[in-house]
Amino acid sequence: MMMSRKPYKQELLKLRFIRSVTDHFTVRISLAPPVRPQAIIKTLMGRGIPLFVDPEHPEDVVDRIVNLLENVKEVQRRLLENLLERHGDCEYLRKYKKDGKIEVQTFRERVPVITYEDIEGDIQRTAQQEKHPDILCCEEPVHFHQSGGTSGGKLKLLPVTASARETLVEYFFMIDAWFQMKSTVQRRTADGIGMTFFFGGDCLKTPSGHDLLLVSSWFARSSICAYRQTPERFASPLDVILCKDFHQSVYCQLLCGLIRSSEVVMMSSLIISVLATALTFLKENWEEMCNDIDTGKLSARITDEKVRLALSQILHTPNPELASRIRAVCSKDTWAGILLRLWPKLRFISGISTGPLLQFVDHFEFFTDHKVPVVSLLYGSSEGGIGINPYPDAHPSDVTYVFLPQMGYFEFRNLKDSSVVEISDVIVGEEYEFIMTNLSGLWRYKMADVLKCVGYYHSSPEFRFLGRENTLVNVAQEIVYEYEMTSAVESAAKLHLFSGAHLMGYTTTVNINSLPGHYVVFWELQVDHSTSEDEHQEELEQCCLAIENGLNEKYTDDRNLGTIGPLEIILVKPGSFSKLTQQAQANRCSNQLKQTRTYKPDHPAVQFLYSAAQQKFRTSRLAKNFVI
């Protein structure tokens, strides 16, 4: 006889730790014995389109999340104890032992807070040896992730163990379950299909023979991916997603979305900048796509045979009526509201869109006439899954995150006094740099993310993501953090850009060849109507001053004393940032497509942007209210 749901639910709510007896471990406060992903994936047509995976009982997953958040301190401590017990004899931790062992107190007293550069050599050694030598941990990596390159354009190689991979799988289940149960947006979109931009890309190999790929590429190739489990819920066939050529893949994903435009209710990707890149690609190639739809024949630019075969199931007859409608929409002078004209049933847009990515929210509000919400659901990284948005319907500018305590051991360095505290000891109102110990051998690793604690959700702090702590190359021994510059740039654009202008992309550097040296901000603008930036020189000079006024006191003092020159805004040609992204693909194994916000002055990207310059603006006024 089958057990009723009520007793199962009661059993589900009993807290207990589970430690697996397999060759690797995961530590979790469990609401029930963990169920393998293959057992809980199921197509549920009436509940909404899955973003990542589709858990059979999302309400049970939500109960588990709540119990984790109610017991953060206990879960974190037990997790660290198990990590140290499991990996205490690895090469990296052995040198920090006290009396032959390493416990929680010893770990926090002796193990240093590190950056990627501190362990880059250890990671390279791990990636070069077929037999795992227990360098950073005592568990062999199953593959390596490559970072998206937001740290000044630097790409990182990061090992992933089986324990970490299993926890990451669980993380994606949690995100989808939380969204399904907590979002009113999701419950309004039971019917229709999703236009989700993932890119399988190419998969490289390390010298040790392990796969090397981005998180987004790993997920697209994973058996848990909703594309594999529920392909009927998405606009594009799987072979299009797995295409190694980015340009062919994005062309065909857009083409499939246009052909099935009457069915699309959701548009998403892991990060919202991917969607912005796709729309830029659409703007450059819509005429060719219309020709494909008009004739029923796929463009000769698509050479991947699997992709051509997959598209033949969707693009098989001419549709001149649809092609004519798309031409009429895309040929208008303005693209304001274009997404709803192309996809009239679109109900929401999803992608990480907080911190520096918040800029792209303005783009999509413009492209939808402010009628389609943008949701930002998760806080993750190449180093591992981290947190979720407890209020999934919140506008991205108001989004906070809570950390899931089974994903890693989390510490925080207070930016005021540099003290390092555990997650249960952070103080509301304070700003912190995030330090992570993950399940793959990163010990007290500086993530370079700056967070502000704005409250508590159950017993877990709520954080607002402010940006990256990476410092720009300084001019006069001042320190300007990336998150400061990002905030100042976006605030200036919102307050002072002339009517009809939209900031489509930006990045910053310094010019240390001029005397005195000064900061440079590259801007790409989209203007709604025919106008010349010369007509708006005063507004753009005001933007220069507003950015300077948004920086810290040390910068202001040096600027007003003349040791730093006036900040310069350089307007670049339309499409420059899209071309910069395409150039960066040559250095990656796939496309995570994040815009790097700060570059060193000798970086090739800076030289490219200088070559794309159209106009330059500076102000001779002094910053803030400087009195001589």
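Student: What does His-458 count as, at 40% relative accessibility?
Tutor: In this predicted model, the relative accessibility of His-458 is 40%. A buried residue must be under 20%, and an exposed one over 50%. His-458 falls in between, so it counts as partly exposed.

Student: Where is the place of His-458?
Tutor: His-458 has a positive phi of about 55° although it is not a glycine. Most residues other than glycine have a negative phi. The place of His-458 is in the loop between strand 17 and strand 18 (460–468).

Student: Which are the edge strands of the open sheet of eight strands?
Tutor: The order of the strands is 11-12-13-18-17-16-14-15, with antiparallel pairing. An edge strand pairs on one side only. The edge strands are therefore strand 11 (378–381) and strand 15 (420–422).

Student: How many bridges join strand 11 to strand 12?
Tutor: Strand 11 and strand 12 (residues 384–388) run antiparallel. Ser-381 stands opposite Gly-384 in strand 12. The number of bridges joining strand 11 to strand 12 is four.

Student: At what angle does helix 8 run to strand 12?
Tutor: Helix 8 (residues 162–182) lies across strand 11, strand 12 and strand 17 (445–457). Its angle to strand 12 is about 25°.

Student: How many residues of the contact of helix 19 with helix 20 are nonpolar?
Tutor: Helix 19 (residues 482–496) and helix 20 (residues 537–549) pack at an angle of about 150°, with their axes 8 Å apart. Met-485, Ala-488, Val-489, Ala-492 and His-496 in helix 19 meet Glu-539, Gln-542, Cys-543, Ala-546 and Ile-547 in helix 20. Two residues of this contact are polar and one is charged, while the nonpolar ones number seven.

Student: What percentage of the residues in the chain is buried?
Tutor: The secondary structure of the chain comes to 23 helices and 22 strands. Of the 628 residues in the chain, the buried ones make up 60%.

Key: Residues numbered from 1 in each chain as written. Predicted model: local features only at pLDDT ≥ 70, side-chain atom pairs only at ≥ 80, totals over all residues. Heavy atoms only, no water. Axes fitted to C-alpha atoms, helices over the stretch in contact; angles between N-to-C directions. Helix = DSSP H or I, 4+ residues; strand = E, 2+ residues; numbered from the N terminus. Contact = heavy atoms within 4.5 Å. Nonpolar A, V, L, I, M, F, W, Y, C, P; charged D, E, K, R; others polar. Pairing = 2+ DSSP bridges. Buried < 20%, exposed > 50% of the residue type's maximum accessible area, 1.4 Å probe, protein only.
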